[in-house]
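The stops below are to be taken in order, each beginning with a selection.

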Amino acid sequence: MPPARASGRASKGMVAQMQADVLVLGAGMVGTSIAVHLQKRGRQVVLLDRRPPGEEASYGNGGLVQREAVFPHPFPRELRELRRIARNRSVDVRYHLAALPGLVRPLFGYWRNSAPARYAAIARQWSTLIAGCLDEHRALAEEAGSAALLRPVGYIRAHDDEALLEADLAKAERARAFGVGSVALDRAALHEAEPHLAGEFVGGVHWTDPYAVNDPHALTLSYAALFERLGGHVALGDAATLTRAGSGWRVVTQDGASVEAAEAVIALGIWSGRATARFGYRVPLFGKRGYHRHFTPRGNAGLTRPVVLGGYVLAPMRAGIRLTTGVEFAPTGAGPTPVQLSRAEPIARRVFPLGDPVEPQPWMGVRPCTPDMMPIIGPARRQPHLWFAFGHAHQGFTLGPATGRLLAEMITGDAPFVDPAPFRAERF
Ligand SMILES: Cc1cc2nc3c(=O)[nH]c(=O)nc-3n(C[C@H](O)[C@H](O)[C@H](O)COP(=O)(O)OP(=O)(O)OC[C@H]3O[C@@H](n4cnc5c(N)ncnc54)[C@H](O)[C@@H]3O)c2cc1C
């Protein structure tokens with residue numbers, strides 16, 4: 001089928017109509033990367049979002065392209081750890097009591113999938129996607145002219161506790177079998193790597209592979225600009241307007257234009273569940289919220305790369321030092337409660353000379369998670385010509401381009417570069 005044009009203006013007073021081959025819903029890092037990959041393969045794509053590209057979870061993350069993340073975030077299974085979290089006083093995990101009833105089922109699945117044997121099998125499947133993340137970002141960024149944003153400096157996890165350092169070093173050894181590089185840092189080497197870090201650190205692990213992006217929003221915007229340069233069309237509109245149109249799909253944009261396409265992709269991050277439910281798919285997505293705020297560094301203080309400390313991250317960004325927090329469970333739609341940020345800030349100030357906050361209010365975003373820690377990527381088999389790409393949890397910024405390539409290959413009938421079977425929607 002020759003590609004249809006994503007154009008077709010109507011004269012004044014008439015409702016405009018657009019035709020495309022594929023409609024991608026959601027312009028976060030995931031949806032934008034899918035759109036670029038399809039457009040590169042000669043498909044005419046409309047990328048629709050209610051906001052301009054990259055303004056939700058893809059905006060405020062830690063900016064890490066995490067080649068080292070071959071082990072997804074498991075649900076803690078040690079009693080001591082569970083007790084610590086249950087007290088609800090930590091920086092890394094917090095929950096709203098009101099959120100718990102709705103979380104029982106997905107968190108139970110998450111806990112079961114974190115049992116050692118299942119977890120090991122999941123890590124093997126998940127790591128096939130992670131393995132290509134650096135190459136896939138580099139390929140898009142080079143074409144987009146934004147490769148300078150991919151700083152190959154890795155990140156450091158610093159420890160003030162010998163036992164935690166030992167556990168991290170053991171993890172680094174296990175990760176080596178997956179092709180992941182790291183360097184053990186003693187106290188002196190840590191100081192040499194990040195001289196402005198103060199505190200009683202015993203050492204750390206320098207994960208050397210990841211790219212540290214000091215403006216994640218700019219990277220997504222550069223991929224969106226590449227998409228448009230290749231002839232793609234970005235539209236503002238609500239994914240809730242998606243309906244069937246013959247064997248294909250239709251949405252209505254904010255300015256009233258109707259867009260029809262043969263295929264549709266749901267890449268709406270944490271909001272994907274609402275869209276899939278309308279078409280008969282109840283996916284067990286749940287959100288892990290996180291916050292950030294930038295601070296100006298004092299004097300000439302700086303960090304070369306992000307540093308992960310006890311439950312929070314200090315990342316050097318264009319906007320300042322970004323303090324990001326761990327995980328918060330809250331009822332859907334609940335307003336921000338940046339308690340973890342308030343807890344982390346005084347601790348962070350003791351280890352790094354943070355100055356004034358840059359923004360009046362912290363930013364909040366939601367990681368879209370599934371109970372088996374893996375995204376859903378592939379066709380909705382009960383709905384012909386509908387595709388899913390969401391649920392990337394802690395690593396959606398990392399996996400956008402790899403997901404984009406994989407899904408584009410599936411849609412166009414090319415051989416997929418990794419086995420998509422583990423990511424199919426029907427596993428739930
Ligand atoms: C604090 C924090 C730190 C993180 N750090 C990292 C990191 O260092 N590395 C990493 O890889 N990942 C990190 N993540 C995770 C990562 O940010 C997410 O996994 C990723 O951004 C998800 O991308 P997405 O495109 O699926 O979703 P999003 O970026 O949330 O995009 C979804 C899009 O759908 C749109 N949308 C929703 N509903 C509608 C609708 N009805 N109509 C139209 N459009 C709609 C939204 O406007 C949005 O643009 C972090 C997350 C947080 C919160």
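This is a predicted model: local features need pLDDT of at least 70, side-chain atom pairs count only at pLDDT 80 or more; totals for chains, interfaces and linings use all residues.

Is R176 buried, exposed or partly exposed? R176 is partly exposed, with a relative accessible area of 37%.

**Stop 1: helix α6**

Select E173 together with R176. The two side chains form a salt bridge, and their closest N and O atoms are 3.3 Å apart. Both residues belong to helix α6, residues 162-176. They are three residues apart there, which means that about one helical turn separates them.

**Stop 2: strands β11 and β12**

Next, select R250 and E260. Their side chains meet in a salt bridge with an N to O distance of 2.8 Å. This pair links distant parts of the chain: R250 is in strand β11 (residues 248-252) and E260 is in strand β12 (residues 258-266), 10 residues apart. E260 has a relative accessible area of 18% and is therefore buried, while R250, at 29%, is partly exposed.

**Stop 3: a charged network**

Now select R41, E136, R405, E409 and D414. Salt bridges that share partners join these five residues into one network. Within the selection, look at D414 and R41, whose side chains meet in a salt bridge of 3.9 Å, N to O. D414 sits in the segment after α11, and R41 in the loop between α1 (29-40) and β2 (45-49); the pair links distant parts of the chain, 373 residues apart. D414 is partly exposed at 38% relative accessible area, and R41 is partly exposed at 27%. How many salt bridges are counted? The count comes to 19.

**Stop 4: an aspartate without a salt bridge**

Select D21, in strand β1 (residues 17-25). D21 is buried but has no salt bridge. The nearest side chain of opposite charge is that of R43, at 5.1 Å. A salt bridge requires a nitrogen to oxygen distance within 4 Å, so R43 does not qualify as a partner at 5.1 Å.

**Stop 5**

In soluble globular proteins, nonpolar side chains tend to be buried together. Select V24, I34, L219, V265 and L407. Of the 79 residues in the largest nonpolar core, these touch the most other members. Helix α11 (residues 396-412) gives the most to this core, contributing eight residues. A second, separate core has 27 residues, among them L48, A264, I266 and A275.

Return to L407 and display its surroundings. Which residues does L407 contact, leaving aside neighbours within four places in sequence? They are I34, V265, I377, G378, W387, F388 and A389.

**Stop 6: a bent helix**

Select residues 339-351, which make up helix α10. The helix bends by about 30° at E345, and a proline, P346, follows within four residues. Colour the buried positions of α10 next: Q340, L341, A344, A348 and V351.

**Stop 7: two residues with positive phi**

Most residues other than glycine have a negative phi. Select N88, in the loop between α2 (79-86) and β4 (93-95). Its phi is near 60°, a positive value in a residue other than glycine. N88 counts as buried because its relative accessibility is 18%, and the cut-off for buried is under 20%.

Then select A393, in the loop between β21 (386-390) and α11. Here phi is near 50°, again a positive value in a residue other than glycine. A393 also counts as buried, at 17% relative accessibility.

**Stop 8: a tyrosine in helix α4**

Finally, select Y119 in helix α4, residues 116-130. Is Y119 buried or exposed? Y119 is buried, with a relative accessible area of 15%. Leaving aside neighbours within four places in sequence, Y119 is in contact with F71, P72, P74, N113, S114 and M373. To end the tour, draw a distance from the C-alpha atom of Y119 to that of P416. These two residues are 297 residues apart along the chain, and their C-alpha atoms are separated by 24 Å.

Conventions. Residues are numbered from 1 along each chain as its sequence is written. Side-chain values use heavy atoms; hydrogens and water are left out. Buried means under 20% relative accessible area, exposed over 50%, partly exposed in between (1.4 Å probe, protein chains only). Lys and Arg count as positive and Asp and Glu as negative; His and the chain ends are not counted. The bend at a residue is the angle between axes fitted to the seven residues ending there and the seven starting there. A nonpolar core is a set of buried Ala, Val, Leu, Ile, Met, Phe, Trp, Tyr and Cys residues joined through side-chain atoms within 4.5 Å. Contact means heavy atoms within 4.5 Å.
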